[in-house]
Amino acid sequence: MAVMLLFFTACDQDVMDMNRGEGVVPSVTNLDPAVFSEAEGTYISFDIDVQDYTGDLVVLASVDGDKSRTPVKTISNFPANVTVTLEEVAQAKGVSVNNFEVGSIFNFEVQTTVGGKNYRSPASFNAPLACEYLPEVVSGDYTASSAGWQVSGPITIVADEDDMFTLYVSGLVALDGMDEDQGPLVMVVNPGNFQVTAPRTVLGTDFFGFDNVAYEGFGVLDTCTGEYDMTFTITVDQGSFGSYGFVFRPN
């Protein structure tokens with residue numbers, strides 16, 4: 001999955017990038033959701049604000065680095081919570097949403113007008129088009145592997161019946177040949193960007209003579225393949241074994 005990336009852009013003839021001391025600088029915060037998906041009506045949302053400015057802000061969209069910078073939305077009152085749907089981007093570009101493919105990256109920039117000149121500010125960000133989150137794709141029988149921790153074997157991921165973004169992982173300690181008499185490990189998927197967090201959870205009371213082996217981590221979910229790229233810190237009551245990368249691949 002692609003992640004949010006703030007960056008400066010190159011100059012055009014009619015629209016200039018904002019230099020130090022020029023114009024005004026809008027702020028874009030609270031991107032949530034920060035990705036488009038295949039779901040009908042998919043959108044991104046963010047807060048935008050600007051100080052000492054009385055003009056309009058124009059949100060410009062480009063796709064996959066084409067630098068087309070098509071005006072998508074005009075904002076006249078600040079601060080504002082802005083929603084941009086994939087349909088709005090398609091309409092602005094004169095195409096169907098079906099023209100966009102999973103994996104496409106949408107770049108959004110903010111344009112201001114000061115003294116009759118248009119400026120693009122550093123308030124820009126990327127939003128990828130990801131597959132729709134489906135519990136049946138991101139759960140089931142998996143193979144977990146870690147080169148650093150030197151394990152590989154079967155685990156099971158189950159989606160919570162009441163909250164599909166909460167997942168339960170069983171079998172991590174069993175990869176070491178030990179009894180997993182606690183747990184399961186809880187993983188929580190952020191629906192806004194498909195990042196994953198795993199609060200510290202004790203998975204086994206006895207781990208090669210150490211007490212209460214626990215996993216805690218973070219990572220990202222590929223909603224197209226159901227694959228998880230995770231980093232876990234593994235601890236016991238007596239101390240920490242450190243952090244290790246794990247990949248969970250569906251069987």
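A residue is called buried when its relative accessible area is under 20%, exposed when that area is over 50%, and partly exposed in between, as judged with a 1.4 Å probe on protein chains only. The model is predicted, so local features need a pLDDT of at least 70 and side-chain atom pairs count only at pLDDT 80 or more, while totals for chains, interfaces and linings use all residues. Residues are numbered from 1 along each chain as its sequence is written, and side-chain values use heavy atoms, with hydrogens and water left out.

**View 1. D56 lies in the loop between β4 (43–49) and β5.** Strands here are DSSP runs of E with at least two residues, and helices are runs of H or I with at least four, numbered from the N terminus. With a relative accessible area of 36%, D56 is partly exposed. Contact means heavy atoms within 4.5 Å, and, leaving aside neighbours within four places in sequence, D56 is in contact with T74, I75, S76, Q111, T112 and T113. The side chain of D56 also makes a polar contact with the side chain of S76, at 2.8 Å; a polar contact is a pair of N or O atoms within 3.5 Å, where, within protein, one must be able to donate a hydrogen and the other to accept it, and residues adjacent in sequence count only if both atoms are side-chain atoms.

**View 2. Strand β8 (residues 105–114) is largely enclosed by the rest of the structure, because seven of its 10 residues are buried.** Two strands pair if DSSP finds at least two bridges between them. Strand β5 (residues 57–63) pairs with β8 in the antiparallel sense over six bridges, and A61 stands opposite F108 of β8. Strand β10 (residues 125–130) runs antiparallel to β8 and is joined to β8 by four bridges, with F125 of β10 standing opposite F108. Strand β9 (residues 117–120) is likewise an antiparallel partner of β8, over four bridges, and the two form a hairpin with two residues between them, where G115 in the turn has a positive phi of about 60 degrees.

**View 3. E180 is placed in the loop between β13 (166–170) and β14 (185–189).** E180 is buried yet has no salt bridge, and the nearest side chain of opposite charge, that of R200, is 14 Å away. A salt bridge is a side-chain nitrogen of Lys or Arg within 4 Å of a carboxyl oxygen of Asp or Glu; Lys and Arg count as positive and Asp and Glu as negative, whereas His and the chain ends are not counted. The side chain of E180 reaches the backbone nitrogen of G171 at 2.9 Å, and one of its polar atoms lies 3.0 Å from the backbone nitrogen of L172.

**View 4. The largest nonpolar core has 36 residues, of which L172, M187, Y215, Y228 and F248 touch the most other members.** β17 (227–236) is among the strands that each supply at least two residues of this core, and the largest share, five residues, comes from β17. Another core, of 27 residues, lies apart from it and includes I48, V84, V89 and A123. A nonpolar core is a set of buried Ala, Val, Leu, Ile, Met, Phe, Trp, Tyr and Cys residues joined through side-chain atoms within 4.5 Å.
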